[in-house]
Amino acid sequence: MKLSTHEAGAARSRSTAKSVGLLSLAVLATLSLAGFALSVTGLAGSAVAAQPTVDLGNADSFGALSFTAMTNAGANTVVNGNIGSSTSIDPGVTHPGFAAYGAGSPELANAQASLLTAYNFAEAQPPSQPTITGVNLAGRTLVPGVYNSTSGILIDGPIALTLDGGGDPNAVFIFQAASSGNLIVESTSSVTLTNGAQPCNVFWKVNSAFLRNTNRTFIGTILALTQITLTENITVEGRVLARNADVTFIHDTVNKPTCTTPPAPTTTTSPPATTAPPATTAPPPTTTSPPPTTTSPPPTTTAPPNLTLPTAPPNLTPPAAPVKPKAKPKAAPAKVRVVRARPRVTPASPRATPARPRATPARPSTPARPKGKPAQPKTTPGPGRPRPPVRRVGLTG
C-alpha cells in the first residue's frame, strides 16, 4: 500500500513538472516573438491611429509666404497660389490667377497668424513612428504618422523617398526637426507618393529649409521658423511658408495642393435574395383519345312496297263442263247442293303489308263420277269486301 501511494505521488510530481516546463516554453516563445517583432520594426513604421492633419487656416490659399523679402533670380518663378510678404515681392515671382498681398493687408496678417498656429500644432504632435535622427531618408518607404528628429532632416541620394498612403487618401505625414534643425535635400534627391497619399497631407516643420535638388520634385508644405531657399528649377508640390525670414527662388515652380475628397462609398442595398421556387415542369397533358364509338346503325327494315291485291272479278262462274252423251246411270242421281261460302276478312297487320293473295283459277270440272264430288275452287276475297257466293254446279246423270 505504501509503495502504491509513493508511486502515485511520484507520477503527480512528474506531471506537474511537465506542465510547468511547457508553460515556461510557451512564455519564452511569446517573449521571443515579441522581441523579434520589435526588432524588425524599422523606419518603415507601423500602423497607428489616424493622424489629424495640420490646419493651415487663412494660410491655406497661399503658395509662398514670407515675413521679410521674397526674391527671385534668373527667369521668372511661377507660384500657383497667393503670395505675400511684409516687406517686398520681387517682380520675377509671378502668380497667374492669384493675388499678391503686402504689408498692411489683412489677408497677409491673417495668413501669418494662421502660419504661427499651424507651426506650433505640427511641433506639438507626439511621434508615432521610429525616430529619424541621423537617418538619410533617400530610398526609404514610409507609412503615415509623425516622424521626429532631434537634429536636422536629410534626403540625399538618387533613389526617391516614397510616402505610402496605404490606400487612404487622408493619410497624414508630419516630419519634425529640432528647433535648430534644418531640412536639406541634396541635388539628386526627390520625394514621391504612392497608394493614395496626397501632397496636401505632407508637412515639414523645420528651422530652415535648403532645397538643392535642381530639376527634381519635392513634395509637402514647408513650415519654417526662418528662411527657405530653393536652387534653380525645382518643382514644389506644396507650399513654402517662412515665419520670420525670406523666401528665395531661382526660376522655380510652386503648385499649391488641393486635397481630393474621395467619393463617399456607395452603399447599395441589395434587395433580399428571392429564391425562386424550383421550376415545376408540368408533364405534357396526356390526351387519351376515347376509343372510336362505332354506332351501328339500327337495322333498316325495309317494308315491302304496299301491294294492292287485285280484286277478283265479281260473279266468276266457272265454265260449264262439256256434256257427254247420256248414259244410263248405274246409281241414283246426285243431288245438287248449293254451298254458300262465308266471306273471310283478314285484318291487315299494322306494320306488315298483307301478302298478295294468289287466286287459283277454277279448273274446268271433269265430269264427276256418280260417287264423286266436284272440286271447289279456292278463292280469297279481296281485302275489306266479301265476295258473292260461288255456286257449285254438279252434273246430274
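Leaving aside neighbours within four places in sequence, Thr221 is in contact (heavy atoms within 4.5 Å) with Val202, Phe203, Trp204, Gly238, Arg239 and Leu241. This is a predicted model, in which local features need pLDDT of at least 70 and side-chain atom pairs count only at pLDDT 80 or more, while totals for chains, interfaces and linings use all residues. Residues are numbered from 1 along each chain as its sequence is written, and side-chain values use heavy atoms, with hydrogens and water left out.

Thr221 has 0% relative accessibility and therefore counts as buried, the term for under 20% relative accessible area with a 1.4 Å probe and protein chains only. The side chains of Thr221 and Arg239 are joined by a polar contact of 3.0 Å. Such a contact is a pair of N or O atoms within 3.5 Å; within protein, one must be able to donate a hydrogen and the other to accept it, and residues adjacent in sequence count only if both atoms are side-chain atoms.

Thr221 lies in strand E16, residues 217-224; strands are DSSP runs of at least two residues, numbered from the N terminus. Because 7 of its 8 residues are buried, E16 is largely enclosed by the rest of the structure. Strand E14 (residues 202-206) runs parallel to E16 and is joined to it by 4 bridges; two strands pair if DSSP finds at least two bridges between them. Phe203 is the residue opposite Thr221. E16 also pairs in the parallel sense with strand E18 (residues 235-242), over 8 bridges, and there Ala224 stands opposite Ala242.

The largest nonpolar core has 41 residues, and Phe175, Leu183, Ile222 and Phe249 have the most contacts inside it. E16 supplies the largest share of this core, 4 residues. A nonpolar core is a set of buried Ala, Val, Leu, Ile, Met, Phe, Trp, Tyr and Cys residues joined through side-chain atoms within 4.5 Å. Not counting residues up to four places away in sequence, Ile222 touches Leu183, Trp204, Val206, Ala209, Leu211, Ile228, Arg239, Val240 and Leu241. A second, separate core has 18 residues, including Leu56, Phe62, Tyr119 and Ile174.

An open sheet is formed by 6 strands with parallel pairing, in the order E2-E19-E17-E15-E12-E9. Its edge strands, E2 (70-73) and E9 (153-155), each pair on one side only. E2 runs parallel to strand E19 (residues 247-250), with 4 bridges between them. Asn72 has Phe249 in E19 as its bridge partner.

Definitions and conventions:
Buried < 20%, exposed > 50% of the residue type's maximum accessible area, 1.4 Å probe, protein only.
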